[in-house]
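Please read this briefing alongside the sequence and the model.

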Amino acid sequence: MSKARKISDRKNLSLNPYEDRVGIVYVRVSSKKQETEGSGLKSQEGRCIQELSSLKVPYIKTFPDSYTGGGDFMKRPAMRALLEYIDNNPHKKFVVVFDDLKRFARDIEFHFKLKTAFSYRNVALKCLNYTFDDTPEGRFAEIIMAGQSELERHQNRRQVIQKQKARLELGYWSFGSKKGYLMTKSSEHGTISIQVESEAKILKEALEGFANGTFVRKIDVCKFLVEKGLWKKQSPEKYIDKLENAILRDPFYAGFIEYPMWEVSRRLGKHKPIISLETFELIQKRLDRGDFGKRIRKDTSDDFPLRGLLVCADCESHLTAAWCKGRNRRHPYYYCQKKGCVNKGRIVRKDVIEDEFNNILKSITLKKDVSKLVKVVFDKVWKDEVKNIRIKHNDLSFKKANLEKQVGEFMELLVSAKSENVKKAYESHIERISNEIELIDSTIPAENFDFDIPYQTALDKANGLLKSPYKIWITLDTKEKQNLFYFIFENKLKYSVEEGYRTNKIPSAVRLFEEFSTLETPYVEKTGIEPVCRRFS
């Protein structure tokens, strides 16, 4: 062999295998703690860039990731972006550098799928703590290393779940901060949810407003929370599912902890509640009933009890109401203010519009024989309600017994405790549980409670309402009238400045019994109900 040939062979052997490539750095952490400590993103990036420099490979770009766990690498935002970057630069040859095999993938299946994805793109891989080897022995060692990473990931996950579950069972929320709260470290409790006063005040008003009907629809609550700045990034409609699942359905806001996914049943939490248990149960009842269609205005007043209940017959916008200044005194009017409506600005005197409404109520009459049917229906509903109350009574009684047992256990621990701090902790637990017992006592009726007394009162009211809605209407305050309106009428009433009320429908409550009265039944005759309303001049 010639001397020139030998020199050429030595030259080829000394060539850098990455010489014609450009370098990309991939770094990944799975927690904020890792991000700030020695294994953080900056630390990884620095070592990888230094390695590229030693290989004499030009550094191009870093793709930092904070995706937690193993599984599909395409779920990692930075890994997707890295592959897209490579695909968008087909004329370049790349080497991807990362500092440890655990950063590459912590799942055997996706480790080799990811490696295949890079091989398909002719990308070289460089790991600072591991040397890839395509021999059978090297591949076996790689499988062992990837399998060990997967095992560690599953073990870490199990340990984290065990610790978090233990905290949940002790009454502490063990995940991220909930709306209205901030996770704060405490010498007594460790990490605990503390109310953010400004947010908690807004949430309390929203939750109690939904429970009592001030906010009738979920969208009304969302609008309120957006207006108050609790949510800022999206329109109110985008938050409806989040409102129900993360707030309205969450017993956390009533002072409880539960996590069904890990079989952690509901228990008293160590955090301060925003609403009472009674308010929370009212919210659940409303959600289960789906009663979100009737909005009760927040700005109703005794001056204008029909405001929010009437719409313009021409444009179907709400009629508003106000006091208008006259020559010598102010006068109350209802009017439409919809831009472009033919009735915009045309006023109707308060006494005219409300007297016509009262005449509609006076015209509603119910035949005497139908009252027998009312009692039959009422009895059925009452029995169902009493049954539900008794079931709830039994559930709460059982819960109360368990809480009383806990108080007894904590009392024994308190007596035997020697440390003042431990005693204070036990006293705090006892106080919390005692408060919950008092709340249960105030929620459920006594065991010897006589349901016949409220039964007769309620039956008399139901019969009185159906026989003469007007007599009931004039005895109620404005808020009660708003609620009663939707029991009598199915929808808001249309009012025309020229013609008055445009309604010839029998009110829904009366129509129900009218339809029943036409059926074959031993309780009522086959007669109908007298005309309900007429046009007034």
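What follows describes the packing of some helices and then the lining of a cavity.

The model is predicted, and the values below are computed from its atoms. Helix 8, which spans residues 197–212, is described against two partners, helix 11 at residues 277–289 and helix 9 at residues 218–227.

**Helix 8 with helix 11**

- On the helix 8 side the contact is made by L207, E208, F210 and A211, while helix 11 contributes T279, L282, I283, R286 and L287.
- By class, the residues of the contact between helix 8 and helix 11 divide into 6 nonpolar, 1 polar and 2 charged.

**Helix 8 with helix 9**

- Helix 8 and helix 9 pack with their axes 10 Å apart and at an angle of about 165°; because angles over 145 degrees count as roughly antiparallel, helix 8 is roughly antiparallel to helix 9.
- Helix 8 passes helix 9 in a right-handed crossing.
- The contact brings I202, L203, E205, A206 and F210 of helix 8 together with K218, V221, F224 and L225 of helix 9.
- The contact of helix 8 with helix 9 has 7 nonpolar and 2 charged residues, with no polar residue.
- F210 of helix 8 is listed in the contact with helix 11 and also in the contact with helix 9.

**Cavities**

- The model has 3 cavities of 30 Å³ or more, and the second largest cavity holds about 40 Å³ of space.
- The second largest cavity is lined by C312, L319, Y334, Y335, C336, N343, R346, V348, Y495, S496 and V497.
- Strand 11 (330–336) and strand 13 (493–496) are the elements that give two or more residues to the lining of this second largest cavity, and strand 11 provides the largest share, 3 residues.
- The lining of the second largest cavity divides into 8 nonpolar, 2 polar and 1 charged residues.

Key: Residues numbered from 1 in each chain as written. Predicted model: local features only at pLDDT ≥ 70, side-chain atom pairs only at ≥ 80, totals over all residues. Heavy atoms only, no water. 1 Å grid on protein atoms, 1.4 Å probe; cavity = no way out; pocket = protein on both sides within 12 Å on 5 of 7 lines; lining within 4 Å. Points joined across faces, edges and corners; volume = space filled by probe spheres on them. Helix = DSSP H or I, 4+ residues; strand = E, 2+ residues; numbered from the N terminus. Nonpolar A, V, L, I, M, F, W, Y, C, P; charged D, E, K, R; others polar. Axes fitted to C-alpha atoms, helices over the stretch in contact; angles between N-to-C directions. Contact = heavy atoms within 4.5 Å. Parallel < 35°, antiparallel > 145°, perpendicular 65-115°, else oblique. Left-handed = near helix turned anticlockwise from the far one by under 90°.
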